[in-house]
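Here is a short briefing to read alongside the model. Have the viewer open and follow the topics in turn.

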Amino acid sequence: MAKLVKHDEGEVFDIELEENILKANEDAAAKNRELLRKHGIKAIDIMGSIGSGKTSLIELLVQKLKGKYRIAVFNGDLTTTIDADRVARHGVEVVQINTGKECHLDANLIAKALDGTNLDKLDLIIIENVGNLICPGEFRLGADERLVVISVTEGPYMVLKHPFIFMEADVVVINKIDLSQAMGVEFEKLRNDVNKVNAKAKVVGTSCRTGTGISEVVEALQIDNLRRQ
Ligand code: MG
Ligand code: ZN
């Protein structure tokens, strides 16, 4: 057995500060939600670690849905516009949100992005969170659906090691299932791990390389039949 260092209650620095920050974030998220409702816009928060396939999934969703809905993509990234540029090729509005050193988006940043967007001209906003499986889960943005992407190439323990973000998820996408056998990581195992921490989460297997499973993601997000306002 390995030696274990465990933190005690109250021992972690700035715990009160963190609680205040989270409370302020919840308030801002509620305002975002209200604003989006008022404009009849559905918003999706896409979370997942670096390289799991968030941007690829967004590109496929945009391609599939852009003929049907007016879409904007908000792209969270520390400093670059690489992902935003990839999405912009598909001819939808893209808002780049650079977080600097911050490892997650928060509701205030989304409020700013919403403020600079013509909400009367949109049906759907897809938000790509910063690549990270820890704090994005704690900071709700005001989205209707929260989706977490993991890939079989990240190994068999991603869910067990990051249970909190999966508790927050409405939909979990297990990506790169075309590589499942080569990686020795089974979709069913990951799905069971997700449903152990969150029985309500809908779990979909995808390959963003081949397009497998994208219709099922659309169905799970309940965006196959958004009513145009
Ligand atoms: Mg990305
Ligand atoms: Zn963070």
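**Metal sites, a strand and a helix**

In sequence, the residues that donate to the zinc ion (ligand 2) follow the spacing C-H-x30-C. Please keep in mind that this is a predicted model.

**The zinc ion (ligand 2)**

- The protein donors here are Cys103 through SG, His104 through ND1 and Cys135 through SG, and they lie 1.9 to 2.2 Å from the ion.

**The magnesium ion (ligand 1)**

- Thr55 (OG1), Asp83 (OD) and Glu128 (OE) coordinate the magnesium ion at 2.0 to 2.1 Å.
- Along the sequence, these donor residues are spaced T-x27-D-x44-E.
- Aspartate 83 belongs to helix α3 (residues 82-88) and glutamate 128 to strand β4 (residues 124-128); the pair is 45 residues apart and links distant parts of the chain.
- Both aspartate 83 and glutamate 128 are buried.

- Strand β1 spans residues 42-48 and is mostly covered, with seven of its seven residues buried.
- In a regular strand, side chains alternate between the two faces of the sheet.
- In β1, Lys42, Ile44, Ile46 and Gly48 point one way, while Ala43, Asp45 and Met47 point the other way, and all are buried.
- β1 runs parallel to β4, and five bridges join them; lysine 42 has leucine 124 as its bridge partner in β4.
- Strand β5 (residues 145-151) also pairs with β1 in the parallel sense, over five bridges, and leucine 147 in β5 is the bridge partner of isoleucine 46.

**Helix α4**

- Which residues of helix α4 (residues 107-115) are buried? They are Ala107, Ile110, Ala113 and Leu114.
- These residues sit on the same side of α4, because they cover an arc of only 115° around the axis.
- Asn108, Lys112 and Asp115 are exposed, and they are carried by the face of α4 turned away from its buried side.

How values were computed
Residues numbered from 1 in each chain as written. Chains lettered and ligands numbered in written order. Predicted model: local features only at pLDDT ≥ 70, side-chain atom pairs only at ≥ 80, totals over all residues. Heavy atoms only, no water. Donors = N, O, S within 2.8 Å, 3.2 Å for Na, K, Ca; no water. Helix = DSSP H or I, 4+ residues; strand = E, 2+ residues; numbered from the N terminus. Buried < 20%, exposed > 50% of the residue type's maximum accessible area, 1.4 Å probe, protein only. Pairing = 2+ DSSP bridges. Arc of directions from axis to C-beta.
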